[in-house]
Amino acid sequence: MAGQDQKEDCVKMGPEAEEQVTCLEVKSDYVEEPSRNNSLDIIKKLGFFQSMSTDEKIKQFQMFLTTALINDLVRQLSEVQYLFLLHYFVMALCSRGQAQDLSEAEKQIMAIKKMTKETPECQSFVYVAYHTFGCLYFKQNRFEEAMKWFQNSKQEFQDNPPTIEWTDVVLKAEEIEPKHFVIKINEYIEMCKHAPNPVAICQDANCYGYYKREIYPSDPDYK
(Lines give C-alpha, C1' and ligand atoms only; values in the text may rest on other atoms or scores of the structure.)
Protein backbone atom coordinates (compact mmCIF):
# COMPACT_ATOMS: atom_id res chain seq x y z
CA MET A 1 0.00 0.00 0.00
CA ALA A 2 1.23 3.51 -0.82
CA GLY A 3 2.23 5.50 2.24
CA GLN A 4 3.30 2.47 4.28
CA ASP A 5 6.45 0.99 2.82
CA GLN A 6 9.43 2.08 0.81
CA LYS A 7 10.07 0.09 -2.35
CA GLU A 8 13.37 -0.56 -4.09
CA ASP A 9 13.97 -1.76 -7.65
CA CYS A 10 17.54 -3.10 -7.62
CA VAL A 11 19.56 -3.73 -10.76
CA LYS A 12 23.16 -4.70 -11.43
CA MET A 13 25.12 -1.93 -13.08
CA GLY A 14 27.94 -2.17 -15.64
CA PRO A 15 31.29 -3.97 -15.66
CA GLU A 16 32.89 -1.30 -13.46
CA ALA A 17 30.64 -2.36 -10.62
CA GLU A 18 30.12 -6.07 -11.18
CA GLU A 19 29.63 -6.73 -7.50
CA GLN A 20 27.73 -3.54 -6.74
CA VAL A 21 23.95 -3.48 -6.67
CA THR A 22 22.39 -0.10 -7.31
CA CYS A 23 18.84 0.56 -6.14
CA LEU A 24 16.31 2.99 -7.49
CA GLU A 25 14.43 4.07 -4.40
CA VAL A 26 10.79 4.97 -4.81
CA LYS A 27 9.55 6.77 -1.71
CA SER A 28 5.88 6.45 -0.95
CA ASP A 29 5.48 10.16 -0.20
CA TYR A 30 7.20 11.08 -3.46
CA VAL A 31 5.59 8.82 -6.04
CA GLU A 32 1.97 7.87 -6.28
CA GLU A 33 1.21 4.16 -6.45
CA PRO A 34 0.53 3.21 -10.10
CA SER A 35 -2.71 1.35 -10.62
CA ARG A 36 -3.10 -1.52 -13.04
CA ASN A 37 -6.84 -0.75 -13.23
CA ASN A 38 -6.07 2.53 -15.00
CA SER A 39 -4.18 0.77 -17.83
CA LEU A 40 -1.64 3.54 -18.31
CA ASP A 41 -0.81 4.14 -21.97
CA ILE A 42 2.90 4.94 -21.64
CA ILE A 43 3.42 5.92 -25.27
CA LYS A 44 0.61 8.48 -25.06
CA LYS A 45 1.91 9.75 -21.73
CA LEU A 46 5.38 10.35 -23.15
CA GLY A 47 3.92 12.78 -25.66
CA PHE A 48 3.05 15.20 -22.86
CA PHE A 49 6.45 15.20 -21.15
CA GLN A 50 7.85 18.30 -22.81
CA SER A 51 5.02 20.43 -21.46
CA MET A 52 5.55 19.24 -17.87
CA SER A 53 7.53 21.03 -15.20
CA THR A 54 10.84 19.48 -14.14
CA ASP A 55 9.32 18.23 -10.88
CA GLU A 56 6.42 16.65 -12.76
CA LYS A 57 8.78 14.95 -15.21
CA ILE A 58 10.86 13.45 -12.41
CA LYS A 59 7.77 12.23 -10.58
CA GLN A 60 6.44 10.61 -13.75
CA PHE A 61 9.78 8.95 -14.51
CA GLN A 62 9.91 7.55 -10.99
CA MET A 63 6.44 6.09 -11.49
CA PHE A 64 7.38 4.57 -14.86
CA LEU A 65 10.42 2.88 -13.36
CA THR A 66 8.67 1.16 -10.47
CA THR A 67 8.45 -2.62 -10.55
CA ALA A 68 4.71 -2.44 -11.18
CA LEU A 69 5.23 -0.74 -14.54
CA ILE A 70 8.56 -2.12 -15.75
CA ASN A 71 6.89 -4.90 -17.78
CA ASP A 72 4.66 -2.34 -19.48
CA LEU A 73 7.72 -0.34 -20.43
CA VAL A 74 9.44 -3.37 -21.94
CA ARG A 75 6.30 -4.26 -23.87
CA GLN A 76 5.51 -0.80 -25.23
CA LEU A 77 8.94 0.68 -25.84
CA SER A 78 11.83 -0.32 -28.06
CA GLU A 79 15.26 -0.68 -26.50
CA VAL A 80 16.33 2.59 -28.14
CA GLN A 81 13.29 4.48 -26.87
CA TYR A 82 13.90 3.11 -23.38
CA LEU A 83 17.50 4.39 -23.54
CA PHE A 84 16.20 7.82 -24.58
CA LEU A 85 13.70 7.67 -21.71
CA LEU A 86 16.57 7.16 -19.26
CA HIS A 87 18.53 9.98 -20.93
CA TYR A 88 15.55 12.32 -20.58
CA PHE A 89 15.24 11.29 -16.93
CA VAL A 90 18.93 12.11 -16.36
CA MET A 91 18.53 15.52 -17.99
CA ALA A 92 15.53 16.31 -15.76
CA LEU A 93 17.47 15.26 -12.66
CA CYS A 94 20.45 17.39 -13.67
CA SER A 95 18.16 20.32 -14.38
CA ARG A 96 16.75 20.26 -10.85
CA GLY A 97 20.23 19.58 -9.55
CA GLN A 98 19.71 18.64 -5.93
CA ALA A 99 22.37 16.37 -4.41
CA GLN A 100 20.03 13.37 -4.34
CA ASP A 101 19.02 14.06 -7.96
CA LEU A 102 22.63 13.94 -9.14
CA SER A 103 23.23 10.73 -7.22
CA GLU A 104 20.21 9.18 -8.96
CA ALA A 105 21.36 10.58 -12.31
CA GLU A 106 24.71 8.80 -11.95
CA LYS A 107 22.93 5.47 -11.39
CA GLN A 108 20.81 5.94 -14.50
CA ILE A 109 23.85 6.94 -16.56
CA MET A 110 25.47 3.63 -15.66
CA ALA A 111 22.31 1.89 -16.89
CA ILE A 112 22.56 3.81 -20.20
CA LYS A 113 26.23 2.90 -20.55
CA LYS A 114 25.42 -0.76 -19.88
CA MET A 115 22.72 -0.74 -22.58
CA THR A 116 25.11 0.72 -25.18
CA LYS A 117 27.54 -2.13 -24.49
CA GLU A 118 25.13 -5.05 -24.22
CA THR A 119 22.13 -4.20 -26.44
CA PRO A 120 22.81 -4.37 -30.20
CA GLU A 121 20.11 -1.80 -31.03
CA CYS A 122 21.77 0.73 -28.70
CA GLN A 123 25.40 0.36 -29.72
CA SER A 124 25.33 3.45 -31.95
CA PHE A 125 24.33 5.58 -28.95
CA VAL A 126 27.55 5.50 -26.97
CA TYR A 127 27.71 9.23 -27.66
CA VAL A 128 24.50 9.61 -25.61
CA ALA A 129 26.11 7.90 -22.62
CA TYR A 130 29.15 10.19 -22.91
CA HIS A 131 26.85 13.19 -23.24
CA THR A 132 25.08 12.35 -19.98
CA PHE A 133 28.40 11.98 -18.13
CA GLY A 134 29.34 15.44 -19.41
CA CYS A 135 26.04 16.95 -18.28
CA LEU A 136 26.37 15.41 -14.82
CA TYR A 137 29.90 16.71 -14.29
CA PHE A 138 28.95 20.10 -15.70
CA LYS A 139 26.13 20.36 -13.16
CA GLN A 140 28.62 19.43 -10.43
CA ASN A 141 30.93 22.26 -11.63
CA ARG A 142 33.61 19.71 -12.55
CA PHE A 143 34.31 21.58 -15.77
CA GLU A 144 37.54 19.92 -16.92
CA GLU A 145 36.03 16.45 -16.57
CA ALA A 146 32.80 17.59 -18.20
CA MET A 147 34.69 18.98 -21.20
CA LYS A 148 36.51 15.66 -21.71
CA TRP A 149 33.22 13.76 -21.78
CA PHE A 150 31.62 16.27 -24.14
CA GLN A 151 34.62 16.00 -26.46
CA ASN A 152 34.44 12.21 -26.29
CA SER A 153 30.73 12.39 -27.09
CA LYS A 154 31.36 14.61 -30.11
CA GLN A 155 34.09 12.31 -31.41
CA GLU A 156 31.98 9.19 -30.90
CA PHE A 157 29.07 10.84 -32.74
CA GLN A 158 31.34 11.68 -35.67
CA ASP A 159 32.85 8.19 -35.78
CA ASN A 160 29.60 6.26 -35.29
CA PRO A 161 26.59 8.41 -36.19
CA PRO A 162 23.18 6.92 -35.30
CA THR A 163 21.19 5.53 -38.20
CA ILE A 164 17.67 5.33 -36.79
CA GLU A 165 14.70 7.29 -38.12
CA TRP A 166 14.32 10.03 -35.50
CA THR A 167 10.74 10.85 -36.43
CA ASP A 168 9.76 7.46 -34.98
CA VAL A 169 11.17 8.32 -31.54
CA VAL A 170 8.40 9.43 -29.17
CA LEU A 171 10.53 11.08 -26.49
CA LYS A 172 13.98 12.52 -27.08
CA ALA A 173 16.01 15.48 -25.86
CA GLU A 174 16.62 17.96 -28.65
CA GLU A 175 20.32 18.24 -27.88
CA ILE A 176 21.09 14.61 -28.82
CA GLU A 177 19.24 14.70 -32.15
CA PRO A 178 21.76 14.62 -35.03
CA LYS A 179 20.52 17.90 -36.53
CA HIS A 180 21.14 19.74 -33.25
CA PHE A 181 23.86 17.69 -31.59
CA VAL A 182 27.07 19.25 -32.91
CA ILE A 183 25.87 22.81 -32.20
CA LYS A 184 24.72 21.91 -28.68
CA ILE A 185 27.83 19.92 -27.77
CA ASN A 186 30.08 22.73 -29.00
CA GLU A 187 28.17 25.15 -26.76
CA TYR A 188 28.84 22.91 -23.77
CA ILE A 189 32.53 22.64 -24.66
CA GLU A 190 32.86 26.41 -24.93
CA MET A 191 31.13 26.90 -21.58
CA CYS A 192 33.59 24.47 -20.01
CA LYS A 193 36.54 26.32 -21.58
CA HIS A 194 35.27 29.60 -20.14
CA ALA A 195 34.05 28.28 -16.81
CA PRO A 196 33.59 30.79 -13.99
CA ASN A 197 36.28 31.14 -11.35
CA PRO A 198 35.55 29.42 -8.04
CA VAL A 199 34.75 31.59 -5.04
CA ALA A 200 37.24 29.65 -2.94
CA ILE A 201 39.58 26.67 -2.87
CA CYS A 202 39.21 24.18 -0.05
CA GLN A 203 42.45 24.04 1.94
CA ASP A 204 41.67 20.84 3.81
CA ALA A 205 43.87 18.02 2.53
CA ASN A 206 40.88 15.68 2.76
CA CYS A 207 38.45 18.06 1.04
CA TYR A 208 37.07 16.45 -2.07
CA GLY A 209 33.44 17.50 -2.22
CA TYR A 210 32.18 16.11 -5.53
CA TYR A 211 35.78 15.09 -6.28
CA LYS A 212 37.12 18.63 -6.53
CA ARG A 213 38.53 21.31 -4.25
CA GLU A 214 37.12 24.31 -6.10
CA ILE A 215 34.07 25.80 -4.40
CA TYR A 216 31.15 27.38 -6.27
CA PRO A 217 27.91 28.80 -4.82
CA SER A 218 26.02 26.54 -7.25
CA ASP A 219 27.66 23.35 -5.92
CA PRO A 220 24.96 20.87 -4.88
CA ASP A 221 26.66 20.49 -1.49
CA TYR A 222 27.42 24.19 -1.02
CA LYS A 223 26.67 25.49 2.49
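Student: The axes of helix 2 (residues 54–64) and helix 4 (residues 79–96) come within 9 Å and cross at roughly 140°. Why is this pair called oblique?

Tutor: First, the ground rules. This is a predicted model: local features need pLDDT of at least 70, side-chain atom pairs count only at pLDDT 80 or more, and totals for chains, interfaces and linings use all residues. Residues are numbered from 1 along each chain as its sequence is written, and side-chain values use heavy atoms, leaving out hydrogens and water.

Now the angle. Axes are lines fitted to C-alpha atoms, for helices over the stretch in contact, and angles between N-to-C directions run from 0 to 180 degrees. Under 35 degrees counts as roughly parallel, over 145 as roughly antiparallel, 65 to 115 as roughly perpendicular, and the rest as oblique. The angle here is roughly 140°. Helix 2 and helix 4 are therefore oblique to each other. Their crossing is left-handed.

Student: What makes a crossing left-handed?

Tutor: The near helix is turned anticlockwise from the far one by less than a right angle; clockwise makes it right-handed.

Student: Which residues make the contact of helix 2 with helix 4?

Tutor: Contact means heavy atoms within 4.5 Å. Helix 2 brings T54, D55, K57, I58, F61, Q62 and F64. Helix 4 brings L85, Y88, F89, A92, L93, S95 and R96. By class they divide into 8 nonpolar, 3 polar and 3 charged. Nonpolar covers Ala, Val, Leu, Ile, Met, Phe, Trp, Tyr, Cys and Pro; charged covers Asp, Glu, Lys and Arg; the others, Gly among them, are polar.

Student: How do you know that the length of helix 4 agrees with its residue count?

Tutor: Helices are DSSP runs of H or I with at least four residues, strands are runs of E with at least two, and both are numbered from the N terminus. The expected span is 1.5 Å times one less than the number of residues. Helix 4 has 18 residues and should span 26 Å; its end C-alpha atoms are 26 Å apart, so the two agree. Just after helix 4, G97 has a positive phi of about 75°.

Student: How does helix 5 (residues 99–118) compare with its expected length?

Tutor: Helix 5 has 20 residues and reaches 29 Å from first C-alpha to last, close to the 28 Å expected.

Student: What makes helix 4 "mostly covered"?

Tutor: 14 of its 18 residues are buried. Buried means under 20% relative accessible area, exposed means over 50%, and partly exposed lies in between (1.4 Å probe, protein chains only). Helix 5 also has buried residues, including L102, A105, I109 and I112.

Student: Why is L136 called buried?

Tutor: Its relative accessible area is 0%, so L136 is buried. L136 sits in helix 6. Not counting residues up to four places away in sequence, L136 touches C94, L102, A105, E106 and I109. L136 and L102 are 34 residues apart in sequence, yet 7.0 Å apart in space, C-alpha to C-alpha.

Student: Is T132 buried or exposed?

Tutor: T132 is buried, because its relative accessible area is 0%. T132 is in helix 6. With residues up to four places away left out, T132 touches H87, V90, I109 and I112.

Student: Why are helix 6 and helix 7 called roughly antiparallel?

Tutor: They pack at an angle of about 165°, with axes 8 Å apart. Helix 6 and helix 7 are therefore roughly antiparallel. The crossing is left-handed. Residues in the contact include Y130, F133 and Y137 of helix 6, and A146, W149 and F150 of helix 7. By class, this contact has 12 nonpolar, 4 polar and 2 charged residues.

Student: Why is A200 called partly exposed?

Tutor: Its relative accessible area is 33%, so A200 is partly exposed. A200 lies in strand 3 (residues 200–201). Leaving aside neighbours within four places in sequence, A200 is in contact with R213, E214 and I215.

Student: How many helices and strands does the protein have?

Tutor: 8 helices and 4 strands. Along the sequence the pattern is β-β-α-α-α-α-α-α-α-α-β-β. Buried residues make up 43% of the 223 residues.
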